Amino acid sequence: MFTRTYPNFAKGRILKTEMLENLRDYPHELTDLFLRDYSDGIVAGTEIRVGEDSLCIGPGIVKHGGMIYTLTREVELPYAATGRETVLKIRFYPAETEGDFTVCRAEPVLDEHVSVSSEELELARFKLKEGARLRSDYRNFADLATEYNTLNRLHAQYAGFRQSTLHPEIMRYFAAELMKSRASGTQDFAFAMQCLSMQPVDREAILHYLALRLGKEYKTYTNVQIHTHLTRVLEEAGSGGRPVTGGRFGAPQRMIVD
């Protein structure tokens, strides 16, 4: 049966171990149940604010190895222009026993090793030239993948249903541009509305949309490949649904005879 048990603290009652265990376990049990079908990745928050010489990572929740970690206050990391790709990661450490507590720690770090190990989670990356300014304001959806001087969130692993998905802000950028274009298909409108919601878009939904919209067979793609194909959708939507002439994607050109 479904239950909701909580201790009764009242004058004259004996404080029992079970009462304290209930207070200890209930928040963790509730969170684990709510997120048990989600993959590892960013669950909420961890927004990145770009300063003149530092990155500020906001409070948030991440899941790693099936465990939930919380960051309750902003963390600031200084960065420098090196011209080399730098990855903003969360690095997870083995559990430690400290007195009456078992502590599982993780911390944001900047690392020039681009590969992300099983004990790390990527938040963003950038390649900053000397004398340039790092930016997180984008001119358009395609600009999200700009190589230099731009904060790139495409590789970030966002928690999704049984598999990770793209950061909701990326999908909101796509939806906003799609709605401003000349796209008029019902599948475009429905997908854009889903992207503009407050929830992350399931990876399966994105892949099925791409297969339908581009007339291709269903196929799994990396985050970067998904961004590339979504950019193509926007280019074709902006041209009235016609393949872009001379486009970088090499789409076959068609002639329609009326």
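Guide: One term to start with: contact means heavy atoms within 4.5 Å. Helices (H or I, at least four residues) and strands (E, at least two) are DSSP runs, numbered from the N terminus. This is a predicted model, where local features need pLDDT of at least 70, side-chain atom pairs count only at pLDDT 80 or more, and totals for chains, interfaces and linings use all residues. Residues are numbered from 1 along each chain as its sequence is written, and side-chain values use heavy atoms, with hydrogens and water left out.

Visitor: Which residues of helix 5 does helix 2 meet?

Guide: Helix 2 covers residues 168-180 and helix 5 covers residues 223-238. On the helix 2 side, the residues are Met171, Phe174, Glu177 and Leu178. Their partners in helix 5 are Leu230, Val233, Leu234 and Ala237.

Visitor: How are helix 2 and helix 5 oriented, roughly parallel or oblique?

Guide: Axes are lines fitted to C-alpha atoms, for helices over the stretch in contact, and angles run from 0 to 180 degrees between N-to-C directions. Here the axes are 10 Å apart, at an angle of about 10°. Angles under 35 degrees count as roughly parallel, over 145 as roughly antiparallel, 65 to 115 as roughly perpendicular and the rest as oblique. So helix 2 and helix 5 are roughly parallel.

Visitor: By class, how many nonpolar residues does that contact of helix 2 with helix 5 have?

Guide: Ala, Val, Leu, Ile, Met, Phe, Trp, Tyr, Cys and Pro count as nonpolar, Asp, Glu, Lys and Arg as charged, and the others, Gly among them, as polar. The contact of helix 2 with helix 5 has one charged residue and no polar ones. The nonpolar count is seven.

Visitor: What about helix 2 and helix 3, parallel or oblique?

Guide: Their axes come within 8 Å and cross at roughly 140°. That's why helix 2 and helix 3 count as oblique.

Visitor: Which residues of helix 3 make the contact with helix 2?

Guide: Helix 2 brings Met171, Arg172, Phe174, Ala175, Leu178 and Met179. By class, the contact has 10 nonpolar, no polar and two charged residues.

Visitor: How does helix 3 lie against helix 4, parallel or antiparallel?

Guide: Helix 3 (residues 186-195) and helix 4 (residues 203-214) have axes 11 Å apart, at an angle of about 160°. That angle makes the two helices roughly antiparallel.

Visitor: Which residues of helix 4 make that contact with helix 3?

Guide: Helix 3 supplies Gln187, Asp188, Phe191 and Gln194. The classes here are five nonpolar, two polar and two charged residues. From helix 4 come Ala205, Ile206, Tyr209, Leu212 and Arg213.

Visitor: Where is Ser181, and how many Å separate its C-alpha atom from that of Ala237?

Guide: Ser181 lies in the loop between helix 2 and helix 3. Ser181 is buried, because its relative accessibility is 19%. It touches Ala237 and Gly238, not counting residues up to four places away in sequence. Ser181 and Ala237 are 56 residues apart along the chain, and their C-alpha atoms are separated by 6.0 Å.

Visitor: Is Arg162 buried or exposed?

Guide: Arg162 is found in the loop between strand 11 and helix 2, and its phi is near 65°, a positive value in a residue other than glycine. With a relative accessibility of 63%, Arg162 counts as exposed.

Visitor: Last one: how many disulfides does the count come to?

Guide: A disulfide is a covalent bond between the sulfur atoms of two cysteines. The rule used here asks for a pair of cysteine sulfur atoms within 2.5 Å. Cys56 is buried, with a relative accessible area of 6%, and Cys195 is buried at 1%. By the rule, the number of disulfides is zero.

How values were computed. Buried means under 20% relative accessible area, exposed over 50%, partly exposed in between (1.4 Å probe, protein chains only).
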